[in-house]
Amino acid sequence: MNENGMEAKEDERYADLAEWAETADIGPDAHITKAKGPEAGHSILEAALGSAAAVRRAVGKPSLSAKGTSPSRSIRLPEEMDAQLLARAAAEHRKPSAIMRDALAEYLAKAS
C-alpha cells in the first residue's frame, strides 16, 4: 500500500486515468453539455474509483436520514450571529451544522 492507502494496481489505474484526463484531445467542434440528473458522471467516477461502493464512500457527506438522502437547507446569518456560532462550535469541538440541527430540533419539540 502506498502513502495514500492505495494498492499498486489502484495507484497505476489512478495514474492512467489522471494522464488521460490531462491529455484528452477534445476537438474544436466538440459540443460539451452539462448532464442532467443526479447520476451524471457516475460511470466516470466508478471507473476512476473501481466500484459503485467506492463512489458512495468518496462522494458527498454521510446521510442523516434512514433512506440514504438528507435534504439540505441554506440560511443567511447576521455576521455577529455567525461569529457566535463559529465560536461555540470551536469551543464544543462540533460542526456549526450540528449545533444548528440541535437548536432546530429543540425549537420544533417546544413548538409541538
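The model is predicted.

Start with the pocket. The largest one holds about 1100 Å³ of space. By class, the lining has eleven nonpolar, eight polar and five charged residues.

Now the helices. Helix 5 supplies the largest share, with six residues.

How do helix 4 and helix 5 pack? Two packed helices are described by the angle between their axes and the distance between the axes. Here the angle is about 105°, and the axes of helix 4 and helix 5 are 9 Å apart. Angles of 65 to 115 degrees count as roughly perpendicular, so helix 4 and helix 5 are roughly perpendicular to each other.

The contact itself can be listed. From helix 4 come Leu 85, Leu 86, Arg 88, Ala 89 and Glu 92. They meet Pro 96, Ile 99 and Met 100 of helix 5. By class, this contact has six nonpolar, no polar and two charged residues.

Next, the length of helix 4. At 1.5 Å a residue, its 14 residues should span 20 Å. The end C-alpha atoms of helix 4 are 20 Å apart, which agrees.

Finally, look just past the end of helix 4. There His 93 takes a positive phi of about 55°.

Technical notes:
Residues are numbered from 1 along each chain as its sequence is written. This is a predicted model: local features need pLDDT of at least 70, side-chain atom pairs count only at pLDDT 80 or more; totals for chains, interfaces and linings use all residues. Side-chain values use heavy atoms; hydrogens and water are left out. On a 1 Å grid over the protein atoms alone, a cavity is a set of points where a 1.4 Å probe fits but cannot get out, and a pocket is an open set with protein on both sides within 12 Å along at least five of seven lines; lining residues have an atom within 4 Å of a point. Grid points are joined across faces, edges and corners, and a volume is the space filled by probe spheres set on the points. Helices (H or I, at least four residues) and strands (E, at least two) are DSSP runs, numbered from the N terminus. Ala, Val, Leu, Ile, Met, Phe, Trp, Tyr, Cys and Pro count as nonpolar, Asp, Glu, Lys and Arg as charged, and the others, Gly among them, as polar. Axes are lines fitted to C-alpha atoms, for helices over the stretch in contact, and angles run from 0 to 180 degrees between N-to-C directions. Angles under 35 degrees count as roughly parallel, over 145 as roughly antiparallel, 65 to 115 as roughly perpendicular and the rest as oblique. Contact means heavy atoms within 4.5 Å. The expected span of a helix is 1.5 Å times one less than its number of residues.
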